[in-house]
Every structure is written in structure tokens, then in C-alpha cells.
Amino acid sequence: MHSQLAANESKHIEKELYRMTHVIESALANQDTSRIEQEVSLTAIDSNMMVYVILDASSQIRFANHVIWRDSNATNVIDGYINDIHQQAVSNKRPLIQTNLERGSIQAYYPINASDKYSYSSAVDVIYVEYNISSLMAEAADSLQKRFIYIWAIGGIIVLLFCLGLYLVLIKPIRTLTKNAQNIVNAKGGSTKVTTFVDELYWLNKSLVQVGLHLAESNQRLTNAEQRWLYSINADQHGIWDWDTISNGVFLSDHWKEILGYQSDDIASSYEAWEALLHPDDKKAVVAALNNYLQGKTRNYESVHRMLTKANDYIWVLDRGQIIQWDELGKPIRVIGSINDVSSELENQQITVERQSHVGVSDIIDREALANELFDLQAYARKSNQHCSLLVINLSNIKLVNEALGEQLTDRLLMQISARLSGSFSNSCLLSRLGDDEFVIAAKNLGNNLEHANKRALALASEVRQVVGRSFSISGQDVSVFTQIGMVVFDGQESLEPSQLLSRADKALCKAIESKTNSCVLHSLLLDASHNEPLKLQRDLKLAIKAGQISLVYQPVVDIHGNTESVEVLMRWHHPQLGFIRPKQFIPVAELSNTIFELELWMLSQVCLFIKSLQAANLNCPCFSINVSSRHFHQDMFVDVILNKIAERGVNFNLIQLELSEDIFSINPITAKNKILKLQRAGVRVAIDDFGSGLCPLHRFNGIHFAQVKLATGYINDIVSSKEARKIFRSLINMTKQLNYPVVVKHIEDRQQLSLLSDLNSNLFQGFVISRPLSQQDIKHLLESEINLSVVWKVPFS
């Protein structure tokens with residue numbers, strides 16, 4: 001396009017130059033140079049005329065469209081001019097016209113062939129012209145582009161109309177058919193009507209509709225069957241497995257793999273892969289138990305054994321299975337089962353092989369029927385040479401629930417607990433209700449080996465805790481129930497009264513209640529010697545305050561520099577016959593009755609009096625921290641009673657800190673939060689004890705700023721020996737700092753532990769290594785002397 005445009009302009013320029021040569025020759029003949037000047041000046045009218053000059057043989061400019069160029073050498077003032085081309089055009093007596101696309105111009109050297117008869121002919125030699133064609137090329141390009149767009153627009157419209165017709169006639173019906181087919185494949189149901197002129201497509205759609213209806217009915221039947229199966233095995237708590245004995249393929253659910261720490265693709269779907277995960281010491285017994293069940297020698301398959309995790313260690317699992325399909329000859333071809341992690345119950349319990357007693361239950365029955373069942377159970381154990389077990393289940397916070405929700409809603413909760421236990425264990429156990437806060441489960445056929453029976457009993461206890469531990473919805477409120485379980489295992493050789501069996505299970509239960517780490521305890525003969533009757537302690541405790549047997553001690557909480565940040569107040573009881581009784585023994589007993597309210601209010605009064613005495617001595621008082629039970633906290637008038645008690649003593653509210661357990665949020669969390677905020681608005685500090693114990697989800701703390709959080713002791717137990725424990729601790733410290741919670745690390749036992757904790761960015765410390773609990777006189781002396789308790793004491797550590 002550009003070449004054609006340049007050629008056209010070149011011809012036009014050549015014609016103009018041919019005319020100009022005649023003008024020049026005529027003007028020279030008449031010796032009228034003014035006419036030449038006029039003609040050259042007229043060329044300036046054309047804005048595209050860049051250069052129009054008449055040169056002599058020495059390249060001097062005689063006439064020019066720009067006056068400033070006259071009498072100058074063209075080589076010096078005109079960029080595009082080349083003298084060699086000038087001389088070539090003159091010698092050949094032919095014009096040279098060329099297009100320079102880089103400059104966007106046409107350059108012409110046109111010789112003037114004047115005769116020697118003109119006296120001025122030697123004064124002019126050639127006409128040099130440079131004509132700008134860039135604007136013309138741009139205009140031509142625009143014009144061509146417009147024509148191109150116009151042509152393509154017309155063509156595009158034609159193509160679109162063709163495509164639209166093709167779409168409406170063929171593609172749309174096919175897409176509708178495809179969508180209908182996908183709906184059938186994805187079991188979404190539904191069918192869109194197909195409008196088409198092609199008969200084959202119409203009949204194809206009709207066939208798809210019929211197939212979809214048939215498949216939807218089949219899928220619904222299958223879905224109903226799967227839902228009933230999943231509900232029956234309670235898949236949200238168990239890892240499910242499905243074994244095809246013909247192909248030896250095993251389906252393992254994602255949760256089954258999660259229990260062992262594996263991802264969904266980590267384990268092959270085969271019997272061999274499952275068997276490879278069994279502990280070498282357990283494999284023979286597990287495979288034998290499974291084969292005995294498949295051969296009909298036992299009525300069910302249930303095993304407690306160890307399995308290999310992805311972390312290359314072993315956990316204890318309760319494994320159960322059931323045959324669901326047989327071939328024509330009655331041979332099992334499909335078995336479905338589940339596993340449940342019971343490691344914590346087995347590992348926290350020291351299992352001893354000794355004769356013990358324990359009972360089991362199934363339907364809700366009364367005490368008389370339970371007694372008869374226990375006699376029958378012992379007889380069955382002797383006859384069948386099978387161990388049986390008795391589990392006493394204590395609902396540890398049911399009194400707290402009762403006070404928070406009221407008796408009517410609590411009764412509904414107990415009905416739900418009974419129904420859940422009955423639905424989970426009625427096929428293999430007997431269930432009985434002993435009181436408002438206790439259930440009994442009796443189980444038989446735990447095997448003829450006592451050690452294995454102990455493990456089976458602990459596994460059953462773990463399952464009970466998980467069944468009851470799932471939250472309940474009562475009148476729109478989520479309620480969590482915590483359990484402790486005492487167990488006794490027996491073989492019937494020692495004929496015992498039902499009351500004796502229950503007494504042994506009760507002793508194990510008291511041990512479980514007393515322990516903070518072991519919620520399931522198996523009875524042993526050692527418990528008989530150390531057991532103190534709770535009812536006797538409860539009676540004596542009511543008299544202890546008036547008799548002056550209860551005293552207070554004070555343990556400092558210090559910062560990294562050893563400055564006393566706060567002081568925790570602890571109770572001590574010196575019994576006249578039993579001596580000192582640990583708080584872990586008498587506090588749970590006090591919480592079973594209203595004695596706990598009297599104890600904690602007495603302690604608050606004593607602390608207020610002590611603070612007044614310190615202020616009278618002009619001593620700087622730290623904050624005094626008082627532990628408050630969840631039962632007391634959930635009393636309706638708790639906040640008003642506490643604030644009035646402090647105000648009556650004339651003590652600043654910010655000198656009192658109430659230490660609460662995470663389980664206060666297990667019932668009425670909104671009410672609990674409002675009570676805390678009311679205390680804080682009055683100036684009372686509030687702290688959370690055993691932070692991170694898992695009793696409360698973190699989102700419950702939203703909107704509350706605790707004055708302190710005291711970490712659960714478990715986070716520092718292995719911190720010296722375990723890198724993993726240190727990583728977990730450091731992560732917890734970083735999280736609490738982001739929440740802006742001052743963290744107290746308590747129960748620090750030795751200097752090496754303390755030094756390591758200080759290196760891990762802990763900021764508040766409490767424990768015997770810093771200071772034992774002090775008497776009033778000792779804590780007063782500490783405040784008077786302003787002694788800094790040593791925290792940082794470097795010990796070689798690797």
C-alpha cells in the first residue's frame with residue numbers, strides 16, 4: 001500500500017518538475033529571475049513540501065522555498081541531500097526520484113537542461129525536492145483500516161447469524177441433552193425440555209428422561225440404606241473399615257486414617273496393608289479373633305490392640321466388626337467395622353493383673369434389679385470362665401448444670417444421657433441409674449485373661465466418655481457433660497455382695513475424681529487401704545471452719561526479674577485424726593455440697609482482712625488471687641455477693657483476683673461472660689486457670705481480657721526432655737501474647753525447668769522452685785523486705 005502511494009506521488013512530482021524546468025528555461029531566456037522566485041515561493045503553500053531548492057553545479061542553493069537556505073551549500077543545510085546523486089542525475093541528464101520510507105518522504109533530483117545560449121544557464125544545474133508523504137500514508141492506512149473493519153463487520157455479522165442458526169438448530173439441543181445426562185450422572189435429578197427439529201435428538205432426550213427417573217429411584221434407595229448404616233455405626237466417632245474377603249480389598253474411611261495420623265492416600269486399600277499396621281505382639285491374637293468370628297466360633301469380633309501410626313509409634317484402639325454379606329454357601333464375603341482410639345485411657349492407667357470386681361449394665365433398671373443382675377453376672381462369669389466388668393459413671397458437673405439450668409431442664413438432659421447410653425451399649429451391656437449424677441454399666445465376655453479384660457474395660461470406659469462427652473442441646477443451649485469412671489473387673493470366683501462390687505467401683509471412681517489427668521481408674525487392692533469415705537470428710541469439713549482447722553497459705557507469682565506480680569491464696573486443712581488432707585481430696589468433697597460456698601466466702605473475708613493489715617503497715621500490696629469453683633460462680637447472686645463482701649471490708653477491688661476454671665463456659669456461656677464483664681467493670685481482676693486444658697473452645701473468650709491465664713501443667717511436664725513439647729509450649733506462648741494475655745507458668749519443679757521456661761519467653765512464674773506457699777507472716781516479711789525471688793539461674797542444657 002505504501003509503495004503504491006509513493007509511486008503515485010512520484011509521478012505527480014515528476015510532472016510538476018518537468019513544468020518547472022520549462023518555467024526556469026523561459027525565465028532565463030528572458031533574464032527574469034523573479035518569475036523563478038515566485039514559482040519556488042508558491043511551493044511553500046503545500047505543507048508537505050519539505051525542501052524545494054534549485055542548485056548550481058557546486059551544490060550552492062540559488063533558489064529555495066525557505067529564504068534562509070539561499071546562497072548556502074546544500075550539503076551543509078539539507079539532511080537528505082546527497083551530492084553524488086546530484087552529479088549522477090546531471091551527467092545522465094535523467095531525473096532521479098526515490099522514496100525514503102524511513103524519512104517518510106520522496107526525494108527528487110531533476111536536472112535542468114538549459115542551452116549554452118542562455119547566459120545564466122550555468123547558474124542553475126538541478127532542482128532538488130523532498131516531499132513529505134508520512135501524513136498521506138497515515139491517511140491511507142486509516143482509510144484501509146476502516147474498509148477492513150467494515151468488511152470484517154459485515155463478515156462477522158454473517159458468521160454470527162450462521163452460528164446462531166447452527167446453535168438454535170443443533171448445538172443448543174445437544175447441550176441440553178448433555179446437561180440432562182450430567183444431572184443423571186451426578187444424581188441431581190431434573191430434566192430440561194429439548195426443542196429441536198431433529199427427530200433423533202428428541203427421542204434421545206426422551207430416553208434420557210426415563211433413565212434419569214429410574215436412576216434417581218435407585219440412588220434414593222441406596223442413600224437411605226447408607227444413611228441407616230452410617231447412623232447405626234455412629235461414624236462421627238469411629239473410623240470405619242469395609243473388608244471384601246473375596247478380593248481382600250479393604251475400604252478405610254478418612255477418619256479411620258486420621259485416627260492413625262495418615263492422609264487419605266497414605267495407606268493401600270488391601271487386607272495386607274491393614275495387617276501390616278498391627279503391633280507384632282498383638283497380630284497373632286487379633287488375626288485369630290477375626291478368623292474365629294468369620295468361622296462362627298464367636299458371636300462377635302471385638303479386639304483391643306495396638307496399631308502403627310504415621311509418627312512410627314503405636315496407639316491402642318478398640319476394633320469391632322460385623323459380617324453383613326454371605327455367599328451362596330454361607331461363607332462371609334463382606335465385613336464392616338470400626339475402630340476407636342482408647343490410648344489415653346490405657347496409657348494413663350497402671351493395669352495390674354490381680355483379682356478384682358466390676359459390674360455391667362444395659363437397659364435402665366432400678367437398684368433391686370441391678371443387685372439381681374450382679375449376682376447373675378458373677379454366676380455367669382464362673383460358669384463361662386469369662387471376666388466381666390462394672391463401670392460406675394459419674395457426671396462430674398451435673399450439679400453445676402442443675403443450678404444453671406434448673407431441675408426441669410436437667411431432668412431432660414439426664415433422659416438424653418440415658419437414651420444415648422442405652423442406644424450405644426444396650427446390645428452388649430446392662431445400664432442402670434444410681435442417682436442424679438451416676439450411671440452403672442455392666443459388661444460381660446471380656447475374655448478369660450485378666451490383663452486383656454482390664455484393657456477391654458478401659459476401652460469401654462473410653463467409649464462411654466466419648467458418647468457422653470458430645471455436647472447436648474437443651475432448650476436451645478449447648479451443654480457439655482464431663483465424666484469420671486471407676487471400674488472393677490471380676491471373674492466370679494470371689495463371691496461378692498452387689499454392695500461390695502459397687503463399693504470397689506466407687507473407690508476407683510473417687511480416685512478418678514481426685515486425679516486431674518486420669519478420668520478412668522481401674523480398681524486395685526491398693527485403693528481399699530487409702531480410700532477415705534467422702535461422706536465422713538463432708539461431715540467433718542462442715543465443722544472444720546468453726547473449729548479453726550482451715551488455714552490459708554500464700555504462694556507468690558513473680559516476673560522474670562523476681563518481682564512479686566500477684567499472690568495465689570491456697571487453703572489447708574489439718575484434720576485432728578487424719579492429719580493434713582490435700583486440697584485435691586477435700587475440695588471435690590466440698591463441691592458435692594454447699595460447703596464450698598462457705599469455704600470460698602470465708603477465704604475472701606480472710607484475704608480482705610489481710611490486705612487491710614498490709615495497708616495499715618504502709619506496704620505495697622500485690623493482687624491476691626482466690627480460686628472460685630464453677631458451682632459457686634454459677635450461683636445467681638454470685639457477683640453481687642462477691643462485690644458486697646469486698647466493699648464491706650473496704651478493700652480496693654483491683655487487689656482481688658478471682659481464678660476460674662475453663663469449665664465455667666460449659667453451661668450458659670453467655671451468662672458466664674456477662675458475669676465476668678460485670679466483675680471487671682467493678683474493678684475485680686479475673687484470671688483463667690488450667691488454660692489450654694481443652695475444657696473450653698477459645699472463641700468463648702472473645703471480648704474478655706483476662707488479667708492472667710495460668711497454663712495447664714501438662715504443657716511443661718516433658719519440656720526439658722522433649723523438643724516437641726518445647727515447640728508446643730513456644731507456640732502457645734506466642735498465641736497468648738497475640739491475645740495480649742499475661743501468662744503464668746505454674747507448678748515449676750526445678751531450676752533447669754525454670755531456666756528453660758525463661759528462655760522460651762515466659763514472663764510470669766509460680767512453683768516450689770521459686771517459693772513454697774508461705775504463711776501470712778512470711779509473705780508479709782517478703783513484702784516488707786522487697787526481696788526479688790530469683791528466676792533466671794542458668795543450668796547447662798542441651
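This is a predicted model: local features need pLDDT of at least 70, side-chain atom pairs count only at pLDDT 80 or more; totals for chains, interfaces and linings use all residues.
Buried here means under 20% relative accessible area, exposed means over 50%, and partly exposed is what falls in between (1.4 Å probe, protein chains only). Residues are numbered from 1 along each chain as its sequence is written, and side-chain values use heavy atoms, with hydrogens and water left out. Helices (H or I, at least four residues) and strands (E, at least two) are DSSP runs, numbered from the N terminus.

- Helix α4 covers residues 83-92, and its buried residues include I85, H86 and A89.
- These residues span an arc of only 105° around the axis, which puts them on the same side of α4; the arc is that of the directions from the helix axis to the C-beta atoms.
- As background, an α-helix has 3.6 residues a turn, so residues three or four places apart point the same way.
- On the other side of α4, D84 and S91 are exposed.
- The buried residues of α4 pack against β1 (49-55), β3 (96-100), β4 (105-111) and β5 (126-132), where contact means heavy atoms within 4.5 Å.

**The five-stranded sheet**

- An open sheet of 5 strands runs in the order β7-β6-β10-β9-β8, with antiparallel pairing; two strands pair if DSSP finds at least two bridges between them.
- β7 (249-252) and β8 (301-308) stand at the edges with a single partner strand each, so one side of each has no neighbour in the sheet.
- From one strand to the next, the twist averages 25°.
- β8 and β9 (residues 314-326) are antiparallel and joined by 8 bridges, and R306 has W316 in β9 as its bridge partner.
- β6 pairs with β10 in the antiparallel sense over 6 bridges, with G239 opposite I339 in β10.
- β6 is also joined to β7 by 4 bridges, again antiparallel, and D244 stands opposite G249 in β7.
- The hairpin of β6 and β7 has 4 residues between the strands, and there N248 takes a positive phi near 65°.
- β6 is mostly covered, with 5 of its 6 residues buried.
- Helix α9 (residues 280-294) lies across β6 (239-244), β8, β9 and β10 (332-341), at about 155° to β8; axes are lines fitted to C-alpha atoms, for helices over the stretch in contact, and angles run from 0 to 180 degrees between N-to-C directions.

**Cysteines**

- The structure holds 0 disulfides, a disulfide being a pair of cysteine sulfur atoms within 2.5 Å.
- C510 is partly exposed, at 24% relative accessible area.

**Salt bridges**

- There are 14 salt bridges in the structure, each a side-chain nitrogen of Lys or Arg within 4 Å of a carboxyl oxygen of Asp or Glu.
- R70 and E37 meet in one of them (3.4 Å, N to O).
- That pair links distant parts of the chain, 33 residues apart: R70 sits in the loop between β2 (61-64) and α3 (74-77), and E37 in helix α2 (residues 33-42).
- D56 forms a salt bridge with R62, with the closest N and O atoms 2.6 Å apart; D56 is buried at 5% relative accessible area, whereas R62 is partly exposed at 34%.
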